Each structure stands twice: as C-alpha cells, then as structure tokens.
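This report covers aromatic pairs, a salt bridge and a charged surface patch. The sequence and structure come first.

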Amino acid sequence: MKKQSALDGQRLSKVNQYLEKNFPDFFAEARFQVGDDDYFLYSRFGQYLARSIEHRRTPRSKINRGFTVLNKMAAVSRKDPSVRRMLVSGPLEHLLDAPKARALAMKRLSPVAQGYMESLCE
C-alpha cells in the first residue's frame, strides 16, 4: 500500500503543490495528521470543502480554488485508475453527502469530475 501511495504522490505532485499553495493551513495540518497518505489527504480535503460550503464560512474564491483542486485531480485520473478511485471514494463522496455542496459541485466541477459524481448517485 505504501508503494502505491508513493506512486500516486508522484502522479499528484502538481495537484499537491496547488493544494499546498492555496490551502497552506489545511495542507500542513492534514500532512501532520495523516503523513504522506494522499488517499486520506484528499478525503479530508473533501470533508473540509463540503463543510466549508455547508456552513458558509469560507470566501467564494477559496471554494472555487477547492474545486480547481478537484478538477486537476480529475484530469490526472483520466490516465490513472488509482487516482480515479481516490477521487471518487474520497472528496466526491463527501460532496455528495452535503446537499449545498453537491449542488455547487455540479456547477463548478469539470465534465469528467461531474461524470464520476453522477456515477456515485446511481
């Protein structure tokens, strides 16, 4: 599992850099808590984004950057099934469970990510 996580980390390096640049506090705390496990990092990011949307405690620009993270991840997932599983079973699942977040996600996510999200609804 650690070997797979390391491979995913290489594939997601640009997404990780974007996440770290735009959400430095979240990234530092999540890395401290979960280490180098990208699956848990992005799962927690999905929780964070969904809660932020539901409770309206984050500026709209920051939420849009959160969707950019997921769209970048969806672009990587087109070539890599393990990243796709990570995206679907992590952040998209958390967005699906929050009604306001789901509605906003259907407007802000790329067509690829929307397709993954719709597959979760079936």
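Tyr39 is partly exposed, with a relative accessible area of 29%; partly exposed is the class between buried (under 20%) and exposed (over 50%), with a 1.4 Å probe and protein chains only. The model is predicted, so local features need pLDDT of at least 70 and side-chain atom pairs count only at pLDDT 80 or more, while totals for chains, interfaces and linings use all residues. Residues are numbered from 1 along each chain as its sequence is written, and side-chain values use heavy atoms, with hydrogens and water left out.

**Aromatic pairs**

Rings of Phe, Tyr and Trp (its six-membered ring) pair if their centres lie within 6.5 Å; planes under 30 degrees apart count as stacked, over 60 as edge-to-face and the rest as tilted. The count by this rule is 6 aromatic pairs. One of them joins Phe23 and Tyr48 in an edge-to-face arrangement, 6.0 Å centre to centre with 85 degrees between the planes. Phe23 sits in the loop between α2 (13-22) and α3 (24-34) and Tyr48 in helix α4 (residues 38-55), so this pair ties together parts that are 25 residues apart in sequence. Helices here are DSSP runs (H or I, at least four residues), numbered from the N terminus. Phe23 and Tyr48 are both buried. Tyr39 and Phe40 also form an edge-to-face pair, at 5.3 Å centre to centre and 80 degrees between the planes. One aromatic cluster is made up of Phe23, Phe26, Phe45 and Tyr48.

**Salt bridge**

The structure holds 1 salt bridge, defined as a side-chain nitrogen of Lys or Arg within 4 Å of a carboxyl oxygen of Asp or Glu. Arg31 and Asp38 form this contact, with the closest N and O atoms 2.7 Å apart. Asp38 is buried, and Arg31 is buried as well.

**Relative accessible areas**

| Residue | Relative accessible area | Class |
|---|---|---|
| Asp38 | 1% | buried |
| Arg31 | 18% | buried |
| Phe40 | 41% | partly exposed |
| Lys100 | 41% | partly exposed |

**Positive patch**

Arg56, Arg60, Lys100, Lys107 and Arg108 form a positive surface patch. Patch residues have over 30% relative accessible area and no salt bridge, and like charges are joined within 9 Å. Helix α7 (residues 99-108) gives the most to this patch, with 3 residues. Lys100 lies in helix α7.

Notes: Patches are made of residues with over 30% relative accessible area and no salt bridge: like charges are joined within 9 Å, nonpolar side chains (Val, Leu, Ile, Met, Phe, Trp, Tyr) within 5 Å. Accessible areas come from the Shrake-Rupley method with a 1.4 Å probe; for residues, only the protein chains shown count as cover. Lys and Arg count as positive and Asp and Glu as negative; His and the chain ends are not counted. The place of a charge is taken as NZ of Lys, CZ of Arg, CG of Asp or CD of Glu. Helices (H or I, at least four residues) and strands (E, at least two) are DSSP runs, numbered from the N terminus.
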